[in-house]
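These are my notebook entries on one structure. I record what I looked up, entry by entry.

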Amino acid sequence: MEIKMREVRAYNVSPMFWSSIIMSLIALAFVLSDWLILYSSFGDFILALAVLILFLVGRLEIDKQQMNGLLTVFGLLLLTIILSYLFNDYWVNPQRIVVSSIKFMFYIISLVVFYNFLNHNKSLNQFLRINNRFAMVVILLGVLITIGIYLDNRDLATFLWRFTRDDYRSFYFAGNAAIVRTRSIFSEPAHLGYYLNTLYFANLFSKRKSNKLVLSIMALGILLTFSYSMILIFFLTNTVAFVYNIIKGDWKWSKWYSLLLIPLVILFYFLWDMINETIIQRTLNILNGTDTSAYNRLVESWIYVERERLLFGNGIGHTPPVTNIYAYALSDFGLIGLIPYIGLSIYLLILNLPAFILFVTMNVAKGGYLNPAFWLFLLMIFLYGFNKEN
């Protein structure tokens, strides 16, 4: 079985126009993934619109091998649902299972059709450029909102945060009004860091020559979130990529790096007190056990795993919010879901070590697999991370 639609005349007349529209919608869905309406993300509706346009212009394609893969995934999903319903000793919410299953199937089909469209259209470089432009706007808005909060003017923040949270805990570090963490139009600073880390390393892993200015601005945006996990992921993956390139002999000193060092040193000088409080002191607190956030991610995320349901899980959508995708895979889908996901991680390790480091650390730093952000992160990994040249 294979799905391949005939291109309609409208697409043939203006292929660049329609391609730009579709790619812009995909990029926008990531940007607005934290905005909620009707108990769903804005990103859900935007992705649905992108899929609809692909269908209408005849560019929605799924090959035979992918179709078999999708049927296998849906079959395993149905199996976990049936086993959960028959053998769970607690109440399984049918409505939650139905809604979560529909979203899950929609996301994975969207992932496949977007991957095919971007690959077959040879639009990987253009897709990155569009995402980079969105990221620059997101960072600019984040800086403006942060400055406004420091100046006790939250008009812009109030306007842009109407569809997401606006409580002070989402932007003050530990309730300290002296340290404002940039979150732009996302619900949390870590979510902005997740978005920027995804795009930063998509640029780094891509075959195109990276725009160093764009990467520098993204790096600044990640730093301004003062999100411990996202800054740690940024430096860890960058370090691995740097050492990896030195070993391969692909790294050479450039005058551009000298130009970057000066503003970086100046930035660290003026932000040192904040960096010391949010990164260095927090590291010490994690090591001495005062800060338990790392423990929660690495250990407590697994507390919803039930031994008697280890094979098939608790049922899709039945794990309370945790910040670990691997824990979600085991608690919701059991070993039926966890083993393939670990297999995907190992395959990425074989192909691209820095991408593997990014993949694993991002998966244990943020949960929410029924949100567009996670699936668009996967899309970027599939497009740019699964590259043997890296």
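Entry 1. I began at the end of helix α14, where G334 follows with a positive phi, near 70°. Helices here are DSSP runs of H or I with at least four residues, numbered from the N terminus. I note that this is a predicted model, in which local features need pLDDT of at least 70, side-chain atom pairs count only at pLDDT 80 or more, and totals for chains, interfaces and linings use all residues. Residues are numbered from 1 along each chain as its sequence is written, and side-chain values use heavy atoms, with hydrogens and water left out.

Entry 2. I then looked up the start of α14. N324 caps the N-terminal end, with a side-chain oxygen 3.0 Å from the backbone nitrogen of Y326.

Entry 3. Is α14 buried or exposed? I found that nine of its nine residues are buried, where buried means under 20% relative accessible area, exposed over 50%, and partly exposed in between, with a 1.4 Å probe and protein chains only. Among them are Y328, S331 and D332. The cover over these buried residues includes α4 (64–87), α5 (94–120), α15, α16 (353–365) and α17 (372–385).

Entry 4. Two packed helices are described by the angle between their axes and the distance between the axes. For α14 (residues 325–333) and α15 (residues 335–351), I recorded an angle of about 150° and axes 6 Å apart. Axes are lines fitted to C-alpha atoms over the stretch in contact, and angles run from 0 to 180 degrees between N-to-C directions. The two helices, α14 and α15, are therefore roughly antiparallel; angles under 35 degrees count as roughly parallel, over 145 as roughly antiparallel, 65 to 115 as roughly perpendicular and the rest as oblique.

Entry 5. I listed the residues of this contact (heavy atoms within 4.5 Å). From α14 come I325, Y326, A329, L330 and F333, and from α15 come L335, I336, G337, L338, Y341, I342 and S345.

Entry 6. I turned to two loops. S227 is in the loop between α9 (212–224) and α10 (228–248) and is buried, with a relative accessible area of 2%. Leaving aside residues up to four places away in sequence, S227 touches R181, P189 and A190. N93, in the loop between α4 and α5, is partly exposed at 24% relative accessible area. I also noted that N93 and G315 are 222 residues apart in sequence and 9.0 Å apart in space, C-alpha to C-alpha.

Technical notes. Polar contact = N/O pair within 3.5 Å; in protein donor to acceptor, adjacent residues only side chain to side chain.
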